[in-house]
Amino acid sequence: MQKLYIIVLILIVVSCSSESDKGDEKSTSEKPAMSSEIDKKVAALLSEMTLEEKVGQMTQITLDVITKGDNQYSSSQPYELDSALVHKAIHTYKVGSILNTPGVPLSRQDWYKTIKTFQDEAAKTPRQIPIIYGIDAIHGVNYTIGATLFPQQIGLAATFNKDLVKDVAKISAYETRASSIPWNFSPVLGLGRNPLWPRLWETFGEDVYLGKTMGVAMVEGYQGTLGDPNTVASCMKHYLGYSVPLSGKDRTPAWIPERELRQYFLPAFKEAVDAGSVTLMINSGEINGVPVHASKFLLTDILRGELGFDGIAVTDWADINYLHTRHKVAETIKDAIKISVNAGIDMSMVPHDFEFIELLVELVKEGSVSEERIDNAVSRILKVKMQLGLFENPVTNPKEYPDFGSDKFAAVSKKAAIESITLLKNKDNILPLQKGTKILVTGPTANTMRSLNGGWSYNWQGSEADNYAKDKNTIAEAIVSLGNTFMQGVSFEGKNDINAAVKAAQQSDVVLLCLGENSYTETPGNTNSIIMPKDQIELAKALSKTGKKIILVLLEGRPIIFNEIEPLVDAVFLGYLPGNHGADALSDLLFGIENPSGRLPINYPKHPHAFVNYNHKHSDNISVPNYYDSDYDQQYEFGDGLSYTSFEYSDLSTNATEMDQDGSIEVSVKITNTGNRKGKEAVLLFISDLYASITPEVRALKGYEKIALNEGESKEVLFTITKDELSFVNENMKTIAEPGDFEISIGDLKKKIKLK
Ligand code: BGC
């Protein structure tokens with residue numbers, strides 16, 4: 001029968017870099033005077049404030065400082081505010097911002113009571129300036145009981161679906177306001193380019209273009225129209241270059257030449273600033289021997305002068321103090337405060353005491369920090385508080401958020417998980433499984449909500465997820481409910497019974513082997529090796545001896561190297577950290593109720609000492625035959641991801657072959673679903689600059705679009721290429737596009753264009 005081909009035209013405007021030629025405009029000035037109504041109100045309020053009030057506004061403390069008891073972050077201690085300490089913080093020290101959880105997630109009612117207490121106190125102060133409360137709601141409002149938890153950022157990137165990511169951010173904002181909190185420390189805009197780094201999963205992966213476009217989607221989703229009580233202020237973090245510590249350990253030194261900083265790390269922040277993100281958090285680390293919290297070059301010259309950011313720059317956790325205690329660039333805490341405030345911070349996440357206030361007041365009185373610098377910082381803080389509507393409506397009431405934790409939000413989370421989970425191997429089309437196939441579920445990540453959610457889930461390290469997400473399915477629960485068997489085999493606690501798993505495998509048709517990592521984040525997640533642990537390898541080897549087909553599921557925050565067992569498994573699903581609905585999503589994918597469409601947002605390394613990004617240089621792939629084995633050799637490549645249907649790419653064409661510097665070229669490609677089931681396809685456009693004065697990358701992503709196609713259906717996808725997509729940062733720190741030949745590739749199709 002002849003198939004009906006439907007051609008739909010999708011116009012995709014590749015709104016790329018817009019990295020304007022500002023590399024040489026090293027202005028040291030901050031932004032000129034503000035002019036809107038809000039700015040006038042800010043100026044009037046500021047003119048009435050005392051120095052102590054201003055410095056109080058610049059101070060952020062952690063909730064723990066004002067709760068009863070002294071056992072920080074203990075989940076065994078009941079949470080209760082200490083009214084004397086609340087009074088001290090808000091009235092005596094005039095603190096303007098509070099953050100964090102008390103170590104346990106709170107109900108919405110408890111959040112409401114807590115934040116209302118602060119706002120009621122703030123209303124009794126002479127200036128009645130509301131508190132701005134901040135939280136890490138990085139995959140949903142993850143410190144509120146009953147919230148919708150989504151896949152972590154690395155999984156969202158794997159969806160290659162900006163609209164979906166925007167929806168996720170919108171829901172997160174709604175549920176954050178339903179928890180009475182108006183400020184979200186998200187998204188992470190660093191690039192996940194070091195596989196060891198324990199926060200890789202908090203990023204959108206390794207690519208500049210993917211990171212910046214996903215970042216914009218998230219900022220837009222969070223902020224909507226600021227002032228709408230369903231939206232929150234976003235916080236771009238961690239500015240700049242935090243994600244690539246040389247050792248791979250969190251907060252250890254990075255070495256990034258300025259050219260690379262500008263080409264790889266700055267664009268996501270530039271785009272998010274342009275998208276209107278009103279706050280930014282600073283990188284805790286040091287780059288080229290300069291802690292970012294002490295860098296006027298990064299915090300003022302580039303951030304304000306070049307990027308034009310006029311929102312709040314908040315420090316990360318205790319980072320001013322660390323200039324003295326850790327980085328040793330300041331002889332005293334007071335010096336550290338002077339350096340950092342003069343470098344350009346607006347708010348200090350102190351967060352444990354009030355010393356910052358006392359010392360900064362002294363510094364201003366002594367003339368070491370100008371009152372103008374203070375006024376600048378405080379104006380920005382007051383402005384964001386006004387933009388958020390906190391003066392009129394200081395605390396949002398959970399009662400007004402009936403959709404919190406609703407089924408419709410859960411469905412979006414599941415959809416995001418379905419579109420993120422990436423099928424990397426499917427030997428002999430073993431998947432999807434037939435209904436009724438007898439499955440053994442086994443492995444350390446099979447029966448825990450911790451490995452589905454990762455860190456920042458109910459508490460910092462995600463260690464309480466099994467208590468607070470009891471009502472959600474683990475993989476074992478989802479699959480056993482269909483009449484299958486679970487045998488742990490290997491656990492993170494070291495309680496291993498590989499023989500029992502092998503016996504159970506013998507009674508089954510296939511094995512669903514769930515390996516990977518337990519939850520962690522930041523420094524506690526530091527590791528000396530990302531090679532798969534021995535007991536997990538042993539389990540895989542023992543199971544493989546049964547001759548049963550093995551479907552490997554990897555739940556992990558960073559790519560765990562498993563080359564030793566990869567040949568033993570028939571299928572591989574990379575789940576990343578898919579959130580509370582990840583197990584249900586995986587179950588639907590296994591049985592073909594859903595069709596996989598996730599794509600890898602990183603290169604998945606095969607060897608422990610050979611980390612190379614996909615957009616590497618040509619000289620990254622030099623090897624001498626018969627000597628050491630040094631080829632560019634990845635387990636899986638950025639952009640990989642299989643489907644149960646097949647897509648054919650054809651008719652790649654351009655409307656011109658040559659382009660002026662201010663011109664554009666339209667690229668079109670036809671995609672046809674040639675298989676026998678509907679599916680989604682991420683169409684990725686790469687560009688290779690063939691010759692350039694700075695060694696060109698072999699290829700770089702410059703456009704993508706996720707489309708849905710029924711069987712037999714075709715769509716034409718259109719991309720627009722401008723100079724921005726052909727640019728790079730040159731030796732003089734200027735973003736330029738050099739005349740010459742470029743190659744466009746989409747799927748296996750290639751086309752050359754010339755820039756004049
Ligand atoms: C992290 C930030 C986070 C902050 C507040 C820091 O340790 O680096 O990403 O926003 O804590 O919780």
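Contact here means heavy atoms within 4.5 Å, and the views below all come from a predicted model.

**Figure 1. The whole protein chain, from its contacts to its surface.** The chain holds 20 helices and 29 strands. Its radius of gyration is 26 Å, close to the 27 Å that the globule rule gives for 756 residues, so the chain is as compact as a globular protein of that length. Along the principal axes, the C-alpha trace spans about 80 × 65 × 55 Å. Of the 756 residues, 62% are buried. The accessible surface comes to about 27,900 Å², and carbon and sulfur atoms account for 49% of it.

**Figure 2. Helix 6 meets helix 7.** Here we zoom in on helix 6 (residues 162-177) and helix 7 (residues 208-223), whose axes come within 7 Å and cross at roughly 35°. The crossing is right-handed. On the helix 6 side, look for Lys 162, Val 165, Lys 166, Ala 169, Lys 170, Ser 172 and Ala 173. Their partners in helix 7 are Thr 213, Met 214, Ala 217, Met 218, Glu 220, Gly 221 and Tyr 222. Sorted by type, the residues of this contact are seven nonpolar, three polar and four charged.

Figure 3. Ser 284 sits in the loop between strand 7 (279-282) and strand 8 (286-287). With a relative accessible area of 1%, Ser 284 counts as buried, because the cut-off for buried is under 20%. Leaving aside residues up to four places away in sequence, Ser 284 touches Tyr 242, Arg 251, His 293, Asp 316, Asp 319 and His 327.

Conventions:
Residues numbered from 1 in each chain as written. Predicted model: local features only at pLDDT ≥ 70, side-chain atom pairs only at ≥ 80, totals over all residues. Heavy atoms only, no water. Axes fitted to C-alpha atoms, helices over the stretch in contact; angles between N-to-C directions. Helix = DSSP H or I, 4+ residues; strand = E, 2+ residues; numbered from the N terminus. Left-handed = near helix turned anticlockwise from the far one by under 90°. Nonpolar A, V, L, I, M, F, W, Y, C, P; charged D, E, K, R; others polar. Buried < 20%, exposed > 50% of the residue type's maximum accessible area, 1.4 Å probe, protein only. Rg over C-alpha atoms; globule rule 2.2 N^0.38 Å. Areas by Shrake-Rupley, 256 points an atom, 1.4 Å probe, with all protein chains shown as cover.
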